[in-house]
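I open the notebook on this entry.

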Amino acid sequence: MKIKNLNNALSLIVYKVQKAQKVHGFFSEGDKILMGVSGGKDSLLLLEVFGELCSKRKYNLEVTPVHIKIKNIGYNINFDAIHQICDHYHFKLKIIEADIDFDPDHKKGPCFVCSWHRRKLLYATARELGCNKIALGHHMDDAVQTLLMNMIYHGSISSMPVSLSMFQGELEIIRPLLFVSEKEIIEYKNIRNFPELIKDCPYGSDTKRNTMKELIEVFEKINPSAGLNIFRSMSKIFPAYLPERGKGIIEGLNEIHPPKSNAGPNDCEAEN
Ligand code: SF4
């Protein structure tokens, strides 16, 4: 069902985030949170969610939106929506500009190198700002795509946790939108009229993430709940019914089928 009212649509997503917060406790009163803002629909929504949580739901959080601009990669965004949301909620946007040592022929692929540098800059900026958490705009579909990428390209089962402690607890990565589907976010984006993210990066047209998206669309033609069920399956694992009962590498498998090296995930984090 399409939600017509903008406030209701945002309230519904804030409600879902609060419900997930009650279970997972990804933020606490007084947290200093760096929020990664790419300018895509997911990060714009997360920015508004934080705005609502701080202004209307009275969460005592100090949120600093940070945009990482890699100057030597052709990737441009429209800042109007980011500035408008930041002004509305009195957030002070920080833009970090950097050139990275970028080798497009790196064996792990340009997107791996780009994402790795972006993440490194986020960590450094969080330290500089004294933040104890970094919030990212990943949603449920991102987690499903990541799971499939890791299974298909790396032969392992892992995805995106809702929170992850890093550097001996110095920093925590949190993903408040992980229980919100991309469909809900697109619906909100259309009602809210967020600008389209201009995807003009020369390396962005054929990411593995896009391939996973297409794959999930095929699954959903077979069963409309396929994406949600794959997400759900990550919390419903029966080790006793796995080949080696969850022990690790299946004994002898590597001798029978030697693992082949794969390129790292070709995954544009800048679009979240
Ligand atoms: S597609 Fe995204 S991750 Fe890949 S190089 Fe371009 S901006 Fe970076």
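**Helix α1.** The model is predicted. I checked the length of α1 first. This helix covers residues 6-24, 19 residues in total. At 1.5 Å a residue it should span 27 Å, and its end C-alpha atoms are 27 Å apart, so the two values agree.

Next I asked which residues of α1 are buried. They are Ala9, Ile13, Val14 and Val17. These four cover an arc of only 130 degrees around the axis, which means they sit on the same side of α1. I then looked at the other side of α1. There I found Asn7, Asn8, Tyr15, Lys19, Lys22 and Val23 exposed.

What covers the buried residues of α1? I noted α2 (41-55) and α6 (182-192) among the elements that do.

I also looked just past the end of α1. Glycine 25 has a positive phi there, about 55 degrees.

**Strands around β6.** I moved on to β6, residues 171-174. I looked up its pairing with β4, residues 133-135. The two strands are parallel and share three bridges. In this pair, alanine 135 faces isoleucine 174 of β6.

In which sense does β5 run against β6? I found β5 (residues 163-166) antiparallel to β6, with four bridges joining them. Here serine 165 lies opposite glutamate 172 of β6.

Last, I checked the turn of this hairpin. Four residues lie between β5 and β6. Phenylalanine 167 takes a positive phi in this hairpin, near 50 degrees.

**Summary.** I have β6 paired with β4 in the parallel sense and with β5 in the antiparallel sense.

Note on methods: Residues are numbered from 1 along each chain as its sequence is written. This is a predicted model: local features need pLDDT of at least 70, side-chain atom pairs count only at pLDDT 80 or more; totals for chains, interfaces and linings use all residues. The expected span of a helix is 1.5 Å times one less than its number of residues. A residue is buried if 20 or more other C-beta atoms lie within 10 Å of its own, exposed if 12 or fewer, and partly exposed in between; C-beta atoms are placed from the backbone. The arc is that of the directions from the helix axis to the C-beta atoms. Two residues are in contact if their C-beta atoms, placed from the backbone, lie within 7 Å. Two strands pair if DSSP finds at least two bridges between them.
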